[in-house]
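Please read the following report alongside the sequence and the coordinates.

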Amino acid sequence: DEATALAEALPQLEAAKKAAAAARKFKEAGAARKEIDEKAARRDEVLAEVEDTQRQLEEVEDALAGARAAQEASRAALRAAERESDLAALAALRQRARELRRVRRALAKRSG
């Protein structure tokens with residue numbers, strides 16, 4: 001990645017700068033120093049971007065975990081509501097069945 005490439009280039013540039021300074025090639029040493037500073041600044045920018053991206057990823061993962069927990073809670077609430085609805089419907093059907101049996105007995109008494 002870019003941060004690794006920059007980190008690997010810096011020691012080579014430092015060595016080139018030292019060699020140029022030792023050879024009294026101060027223009028070359030100054031140019032190397034400038035490139036070192038630019039690459040070091042870019043490396044720091046890239047590392048900051050990576051840290052920011054990692055922080056954002058952690059936030060998204062936390063939000064996702066929260067959404068999944070909320071989804072599971074909603075599913076559990078839905079299952080409970082369905083169960084209550086089914087029980088209420090069953091109770092209503094049982095009541096209706098009792099009423100029908102009562103009417104059937106009443107009709108049987110009249111007919112019989």
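## Basis of the values

The model is predicted, so local features need pLDDT of at least 70 and side-chain atom pairs count only at pLDDT 80 or more, while totals for chains, interfaces and linings use all residues. Residues are numbered from 1 along each chain as its sequence is written, and side-chain values use heavy atoms, with hydrogens and water left out.

## Salt bridge between the helices

A search of the whole structure finds 12 salt bridges, a salt bridge being a side-chain nitrogen of Lys or Arg within 4 Å of a carboxyl oxygen of Asp or Glu. In one of them glutamate 2 pairs with arginine 42, and the closest N and O atoms are 2.9 Å apart. Because glutamate 2 lies in helix α1 and arginine 42 in helix α2, this pair ties together parts that are 40 residues apart in sequence; helices here are DSSP runs (H or I, at least four residues), numbered from the N terminus.

Glutamate 2 counts as partly exposed at 39% relative accessibility, and arginine 42 is likewise partly exposed, at 26%. In these terms buried means under 20% relative accessible area, exposed over 50%, and partly exposed in between, with a 1.4 Å probe and protein chains only. When neighbours within four places in sequence are left aside, glutamate 2 is in contact with Arg42 and Val46, where contact means heavy atoms within 4.5 Å.

Glutamate 14 forms a salt bridge with lysine 17, with the closest N and O atoms 3.7 Å apart. The two residues are 3 residues apart in helix α1, which means that about one helical turn separates glutamate 14 from lysine 17. Glutamate 14 itself is partly exposed, with 26% relative accessibility.

A further salt bridge joins arginine 43 to aspartate 44, whose closest N and O atoms are 3.3 Å apart. Both partners are partly exposed, arginine 43 with a relative accessible area of 24% and aspartate 44 with 43%. Salt bridges that share partners also join Glu2, Arg42, Glu45 and Glu49 into one network.

Arginine 33 is placed in helix α2 and is partly exposed, with a relative accessible area of 32%. Not counting residues up to four places away in sequence, arginine 33 touches Glu14 and Lys17. The C-alpha atoms of arginine 33 and lysine 18 are separated by 9.5 Å, although these residues are 15 residues apart along the chain.

Arginine 24 is found in the loop between α1 (2-22) and α2, and it has a positive phi of about 60 degrees although it is not a glycine. At 64% relative accessibility, arginine 24 counts as exposed. Between the C-alpha atoms of arginine 24 and glutamate 2, which are 22 residues apart along the chain, the separation is 32 Å.

## A positive surface patch

Arg94, Arg98, Arg101, Arg102, Arg104, Arg105 and Lys109 form a positive surface patch. Patches are made of residues with over 30% relative accessible area and no salt bridge, like charges being joined within 9 Å and nonpolar side chains (Val, Leu, Ile, Met, Phe, Trp, Tyr) within 5 Å. The place of each charge is taken as NZ of Lys, CZ of Arg, CG of Asp or CD of Glu. One of the patch members, arginine 104, lies in helix α2 (residues 26-111) and counts as exposed at 56% relative accessibility.

Technical notes: Areas by Shrake-Rupley, 256 points an atom, 1.4 Å probe, with all protein chains shown as cover. Lys, Arg positive; Asp, Glu negative; His and termini not counted.
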